[in-house]
Amino acid sequence: MMFQKLNGVEERYQEIEKLLSDPEIVKDQASYQKYVREHADLRKIVTAFRAYRQTQAGIQGSRELLQDGDPEIKDLAREEIAALEQQKENLEQELRKLLLPRDPNDDKNVLLEIRAGTGGEEAALFAGDLFRMYSRFAENKNWKMEVLTHHPTGVGGLKEIIAMVNGKGAYSAFKYESGTHRVQRVPTTEAQGRIHTSAVTVAVLPEAEEVEVEIDPNELKIDVYRSTGPGGQSVNTTDSAVRITHLPTGLVVTCQDEKSQLKNKNKALKVLRARLLDKITTEQNEKRSQERKSQVGSGDRSGRIRTYNFPQGRVTDHRIGLTLYKLENILQGDIEEILQELSTYYQSQALQNAEAGSLQGS
């Protein structure tokens, strides 16, 4: 079945190559760009498939050399076969992963929501630390971080911050960050030097396009008011802050960061659209089997996913049992290793589920 799929993918790849050289297609930029994207998506699979076939041919050629009368040539052939068999196995595993259903949201921008949980001011300070960590990671990727709304505390912490990460593949990178992040450290306000445990929640949602989530203006209640800063002091003399309530679902979004009421409204609608898409997706996932949920790798936001232990300079991701002793580097945005390990783990889980499903179906 896998090789039937691969042959079909290669045929489609060759068909697109012909289309891209068709002058009529080149003239139609919308069609041309669509085929360019599809060609790029298939290239990795086709490249691996062709390498697999080439490896198979190499194994066959080396086996023929085993019939040679020269013992040295036979020994070389055996060594070559062993190396090529390992390469073939690795390529086959890669091809199985490449054929897994792709998360349609992977290339999207990300709505990142960070909120202080248990721990009072210390939790708010750590929410600020996490936001800086994600901001530096995004900066290293040349992605743009746009703050949509935030509620700072008086001493540099954040009760809540919502930001959009704009960049191809942003959701693919951030999607496993949803959940509770726990911090263990001595707060600056602690005179006895005791370690406190605080928590911050992170939610990661793919940006929703207008065509994906259509919002009826008649189903919105929009309130405007004067924005306030830490401690409730007024920071604006006009009614620029916006609160939008989606009446059918009861979802409420507020935005007050901009001085312009229109800009605040547009930002709030971005957040609302993403939350509605997430609500729809979550409801759909709940109707599917547990296997399908694992394949999508949607993650569970409610559980503790990671602990940042300052006294030991240790970060532990509890889902995969990964512990790294480089806390400072991680808080400076060096989270690539963690994200890669998570991606590999969930891909392996999806692969096991896919293989189990194919065995049940056979």
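User: Which residues have the most contacts inside the largest nonpolar core?
Analyst: This is a predicted model: local features need pLDDT of at least 70, side-chain atom pairs count only at pLDDT 80 or more, and totals for chains, interfaces and linings use all residues. Residues are numbered from 1 along each chain as its sequence is written, and side-chain values use heavy atoms, without hydrogens and water. A nonpolar core is a set of buried Ala, Val, Leu, Ile, Met, Phe, Trp, Tyr and Cys residues joined through side-chain atoms within 4.5 Å. The largest has 37 residues, and those with the most contacts inside it are Ile 114, Tyr 134, Phe 174 and Tyr 308.

User: Which element gives the most to this core?
Analyst: Helices (H or I, at least four residues) and strands (E, at least two) are DSSP runs, numbered from the N terminus. Elements giving two or more residues include strand E1 (110-116), H6 and helix H10 (336-361). The most, 8 residues, comes from H5.

User: How is the pair of Trp 143 and Phe 174 classed, stacked or tilted?
Analyst: Rings of Phe, Tyr and Trp (its six-membered ring) pair if their centres lie within 6.5 Å; planes under 30 degrees apart are stacked, over 60 edge-to-face, the rest tilted. Here the centres are 6.3 Å apart and the planes stand at 45°, so the pair is tilted.

User: How many residues apart in sequence are the parts that this pair ties together?
Analyst: Trp 143 lies in the loop between helix H5 (120-140) and strand E2 (144-152). Phe 174 is in helix H6 (residues 170-174), so the pair ties together parts whose separation in sequence is 31 residues.

User: Is Tyr 346 buried or exposed?
Analyst: Buried means under 20% relative accessible area, exposed over 50%, partly exposed in between (1.4 Å probe, protein chains only). Tyr 345 has 31%, so Tyr 345 is partly exposed. Tyr 346 has 15%, so Tyr 346 is buried.

User: Which strands stand at the edges of the open sheet of 8 strands?
Analyst: Two strands pair if DSSP finds at least two bridges between them. The order is E2-E3-E1-E5-E4-E9-E10-E11, with mixed pairing. Each edge strand has a single partner strand, so one side of each is left without a neighbour in the sheet; these strands are E2 and E11 (322-324).

User: Over which ring does the charged end of Arg 185 sit?
Analyst: A charge sits over a ring if NZ of Lys or CZ of Arg is within 6 Å of the ring centre and within 35 degrees of the ring normal. The charged end of Arg 185 is 4.7 Å from the centre of the ring of Phe 310.
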